[in-house]
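Dear colleague,

I am handing over the structure we spoke about, and below it you will find an account of what turned up when the side chains were examined. Please read the text with the model open beside you.

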Amino acid sequence: MTAADHKWYKYRSAIAPRLMRPQAVTCYTDQLNTVALDLLTRIRKIRKEDNTVDLLQNELYKWATESVGYVLFGSRLGCLADTMPQNIQDLIDAVGVMFVTGHQMAIGASIHQFLNTKIWQKHVSSSDIIYGLAQEFIDQQLVGYSKDRSQLDPPQNGTALLNFLLSNPSFSMAEIYSNMAELFLAGLDTASNSLGFAIYLLASNPEVQEKLHDEISRTLQGQPCQSSHLTNMPYLKAVLKESMRLYPVIPIGARITTEDIVLDGYHIPKGTCLMINNYAMSRDERNFPNANEFIPERWFRSDTRKFHPFAVIPFGHGSRSCIGRRIAELELYLAITHLCQNFRLKVEDGFEVEPFLRTVLTVGKNFPIQFIER
């Protein structure tokens with residue numbers, strides 16, 4: 001949510017109970033499990049003879065789009081079907097363009113806007129696609145109600161976030177369109193690239209992968225994964241946290257001071273933009289021994305006491321932290337569980353991922369991961 005001041009607080013206060021409370025989020029487990037299983041089916045269908053998948057990251061974008069769409073709108077979008085709707089691929093492409101151009105305009109956006117540069121035009125065009133499609137999804141949910149929100153049933157736990165906002169009379173339709181589009185946008189690149197990096201790291205570290213597989217098998221014992229199982233899989237949580245330490249999908253965070261402050265003896269005036277480099281901080285040997293190695297065990301309680309609590313903050317911290325954190329973690333836990341349970345992940349010998357920055361840290365369109373049946 002990019003609104004400021006009282007408007008931002010209004011949106012945050014209304015949405016937070018549905019997305020930030022762990023108990024509320026677990027109601028979406030069944031929906032997200034269904035999407036994760038569809039991802040497995042999709043991988044099996046499109047695997048080549050060598051068990052790799054062309055444009056793997058694009059398939060993960062489809063998974064993330066389907067997952068966040070299910071939570072927000074309460075309906076399946078068809079992203080993982082054999083024939084995906086063209087408007088969904090247009091959305092995925094538009095998100096990529098929006099993040100690239102946003103990164104290019106990180107400094108001097110107002111100048112790009114004033115001169116109406118090609119970068120600005122691409123940014124606006126991609127934004128129109130994203131917001132337009134979000135509005136289309138919302139309008140589809142209102143078919144039969146003639147947009148009379150009073151006719152909608154009261155929202156229950158596990159129902160779409162859209163229904164919750166529509167039932168809140170303090171939100172105008174314009175505000176609902178805007179907030180849903182921003183939540184939709186925020187959930188695509190972040191979750192998909194986080195899963196991509198986790199897959200790469202597990203494939204590159206078979207001993208970690210097998211240890212995780214053992215924990216999953218021992219915990220589930222052949223049952224479908226539920227939120228109650230996740231509480232008994234500490235190694236799974238450590239794997240994801242370590243993956244996010246090495247490859248924070250938001251590598252640089254920024255905040256603008258709202259008043260003069262003194263920080264570590266430095267006077268910082270009101271209106272100053274402060275930036276924190278999560279990527280560099282996470283890989284600093286002063287914070288983490290063997291900082292460039294993938295060691296999930298470092299997050300077990302006996303070791304975490306050695307680390308500064310703010311050395312790794314992939315979702316930010318405080319009132320402006322990522323509002324979709326709980327949903328994102330649930331999506332990722334379930335997807336990683338299903339992938340590791342069904343496939344032995346293997347990366348091509350000698351391959352090293354070369355992440356690049358386009359506002360978010362991305363894996364790239366293709367990386368040679370083999371999905372070998374267990």
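**Aromatic side chains**

Phe73, Phe137 and Phe184 come together as one aromatic cluster. Please bear in mind throughout that this is a predicted model. Across the structure there are 8 aromatic pairs. In one of them, the ring centres of phenylalanine 197 and tyrosine 247 are 4.4 Å apart and the ring planes lie at 5°, so this pair is stacked. Phenylalanine 197 belongs to helix H9 (residues 173-204), while tyrosine 247 sits in the loop between helix H12 (234-246) and strand E1 (252-256), so the contact ties together parts of the chain that are 50 residues apart in sequence. Both partners are covered: phenylalanine 197 counts as buried at 0% relative accessibility, and tyrosine 247 is buried with a relative accessible area of 10%.

Helix H9 also contributes tyrosine 200, whose partner phenylalanine 351 lies in the loop between strand E5 (343-347) and strand E6 (356-358), so here the parts tied together are 151 residues apart in sequence. The centres of these two rings, tyrosine 200 and phenylalanine 351, are 6.2 Å apart and their planes are at 80°, so the pair is edge-to-face. Tyrosine 200 counts as buried at 7% relative accessibility, whereas phenylalanine 351 is partly exposed, with 23%.

Arginine 245, for its part, lies over the face of phenylalanine 288, 5.1 Å from the ring centre.

**Salt bridges**

Side chains of opposite charge can pair when their charged atoms come close. A search of the whole structure finds 17 salt bridges, and three of them are described here, beginning with the one in which glutamate 373 meets arginine 44 at 2.6 Å, N to O. Glutamate 373 is in strand E8 (residues 369-373) and arginine 44 in helix H3, so this bridge ties together parts that are 329 residues apart in sequence. Neither end is buried, since glutamate 373 is partly exposed with a relative accessible area of 36% and arginine 44 is partly exposed with 34%.

The side chains of glutamate 66 and arginine 76 form a salt bridge at 2.4 Å, N to O. Glutamate 66 lies in helix H4 and arginine 76 in the loop between H4 and helix H5 (86-104), so the two parts tied together are 10 residues apart in sequence. Glutamate 66 counts as buried at 0% relative accessibility, but arginine 76 is partly exposed with 33%.

The side chain of glutamine 209 reaches the backbone nitrogen of leucine 345, at 2.6 Å.

On the surface, Ile111, Phe114 and Leu115 form a nonpolar patch with about 390 Å² of accessible area together. Of these residues, isoleucine 111 lies in helix H6 (residues 109-115) and counts as exposed at 52% relative accessibility.

Most residues other than glycine have a negative phi. Asparagine 51, in the loop between helix H3 (29-46) and helix H4 (56-73), has a positive phi near 70° and is partly exposed, with a relative accessible area of 22%. Asparagine 290, in the loop between helix H13 (278-282) and helix H14 (301-304), also has a positive phi, near 50°, and counts as partly exposed at 44% relative accessibility.

Technical notes
Residues are numbered from 1 along each chain as its sequence is written. Side-chain values use heavy atoms; hydrogens and water are left out. Rings of Phe, Tyr and Trp (its six-membered ring) pair if their centres lie within 6.5 Å; planes under 30 degrees apart count as stacked, over 60 as edge-to-face and the rest as tilted. Helices (H or I, at least four residues) and strands (E, at least two) are DSSP runs, numbered from the N terminus. Buried means under 20% relative accessible area, exposed over 50%, partly exposed in between (1.4 Å probe, protein chains only). A charge sits over a ring if NZ of Lys or CZ of Arg is within 6 Å of the ring centre and within 35 degrees of the ring normal. Patches are made of residues with over 30% relative accessible area and no salt bridge: like charges are joined within 9 Å, nonpolar side chains (Val, Leu, Ile, Met, Phe, Trp, Tyr) within 5 Å. Accessible areas come from the Shrake-Rupley method with a 1.4 Å probe; for residues, only the protein chains shown count as cover. A salt bridge is a side-chain nitrogen of Lys or Arg within 4 Å of a carboxyl oxygen of Asp or Glu. A polar contact is a pair of N or O atoms within 3.5 Å; within protein, one must be able to donate a hydrogen and the other to accept it, and residues adjacent in sequence count only if both atoms are side-chain atoms.
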